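Subject: Structure handover

Hello,

Here is the structure I promised to pass on. Please open it alongside this email.

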Amino acid sequence: MKTPTYGLAFALLATQAVAQQTLSLASPIPDGAETRFCYYKGLAYSPDSFIVIFGDNTVTDTINTREERLLRCVASDKGTMHWKPQSTFQVGR
């Protein structure tokens, strides 16, 4: 009774390993996606989308400001999509 159970368990483990290897080789981003979308933090954005990125100014210890950048998704001359800065704001804290 134990032999068929062990055999079944090993067969399931073997098929699971093959499935995981196949998934690890697959790309989550389809071919040609860089010509249709901009990407930021794992999300795809369509052309003319805007995002705001926040960051601390770390130039000196005496300056205590926060920087905000507005970026727009645009097409380059090569046909690929990229983020283009639209404006930058310095916000004091």
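Below is what turned up, from the overall fold down to single residues.

Please keep in mind that this is a predicted model.

**Overall**

The protein has one helix and five strands. Along the sequence they run α-β-β-β-β-β. Of the 93 residues, 12% are buried. Take the contacts with a separation of 6 or more: residues 24 or more positions apart account for 35% of them.

**Core**

Six residues form the largest nonpolar core. They are Cys-38, Ile-51, Leu-71, Cys-73, Met-81 and Trp-83. Two strands, β4 (65-75) and β5 (81-92), each supply at least two residues of this core. There is a general background to this: in soluble globular proteins, nonpolar side chains tend to be buried together.

**Disulfide**

The count is one disulfide. Cys-38 is joined to Cys-73, with an S to S distance of 2.1 Å. The pair links distant parts of the chain. Cys-38 sits in strand β1 (residues 38-40) and Cys-73 in strand β4, 35 residues apart. The link is right-handed, with 90° about the S-S bond. Both Cys-38 and Cys-73 are buried, and both belong to the core described above.

**Salt bridge**

One salt bridge comes out of a search of the whole structure. Its partners are Arg-72 and Asp-48, with the closest N and O atoms 2.8 Å apart. This pair, too, links distant parts of the chain. Arg-72 is in strand β4, while Asp-48 is in the loop between β2 and β3, 24 residues away. Arg-72 has a relative accessibility of 27%, so Arg-72 counts as partly exposed. Asp-48 counts as partly exposed because its relative accessibility is 46%. As a general point, side chains of opposite charge can pair when their charged atoms come close.

**Aromatic pair**

The whole-structure search also gives one aromatic pair. The ring centres of Tyr-45 and Trp-83 are 5.5 Å apart and the planes are at 70°, so the pair is edge-to-face. Tyr-45 lies in strand β2 and Trp-83 in strand β5, 38 residues apart. Trp-83 is also a member of the core.

**Two single residues**

Ser-49 is in the loop between β2 (43-45) and β3 (50-56). Is Ser-49 buried or exposed? Ser-49 is buried, because its relative accessible area of 16% falls under the 20% cut-off. Beyond residues up to four places away in sequence, Ser-49 touches Leu-71, Arg-72, Cys-73 and Trp-83. Of these contacts, Arg-72 is the salt-bridge partner of Asp-48, and Cys-73 is the disulfide partner of Cys-38.

Ala-75 lies in strand β4. Ala-75 counts as exposed because its relative accessible area is 51% and the cut-off is over 50%. With residues up to four places away set aside, Ala-75 touches Thr-80, Met-81 and His-82. Ala-75 and Cys-38 are 37 residues apart in sequence. Their C-alpha atoms are 9.1 Å apart in space.

Best wishes

Key. Residues numbered from 1 in each chain as written. Predicted model: local features only at pLDDT ≥ 70, side-chain atom pairs only at ≥ 80, totals over all residues. Heavy atoms only, no water. Helix = DSSP H or I, 4+ residues; strand = E, 2+ residues; numbered from the N terminus. Buried < 20%, exposed > 50% of the residue type's maximum accessible area, 1.4 Å probe, protein only. Contact = heavy atoms within 4.5 Å. Core = buried A, V, L, I, M, F, W, Y, C linked by side-chain atoms within 4.5 Å. Disulfide = S-S within 2.5 Å. Salt bridge = Lys/Arg side-chain N within 4 Å of Asp/Glu carboxyl O. Phe/Tyr/Trp six-rings, centres within 6.5 Å; stacked < 30°, edge-to-face > 60°.
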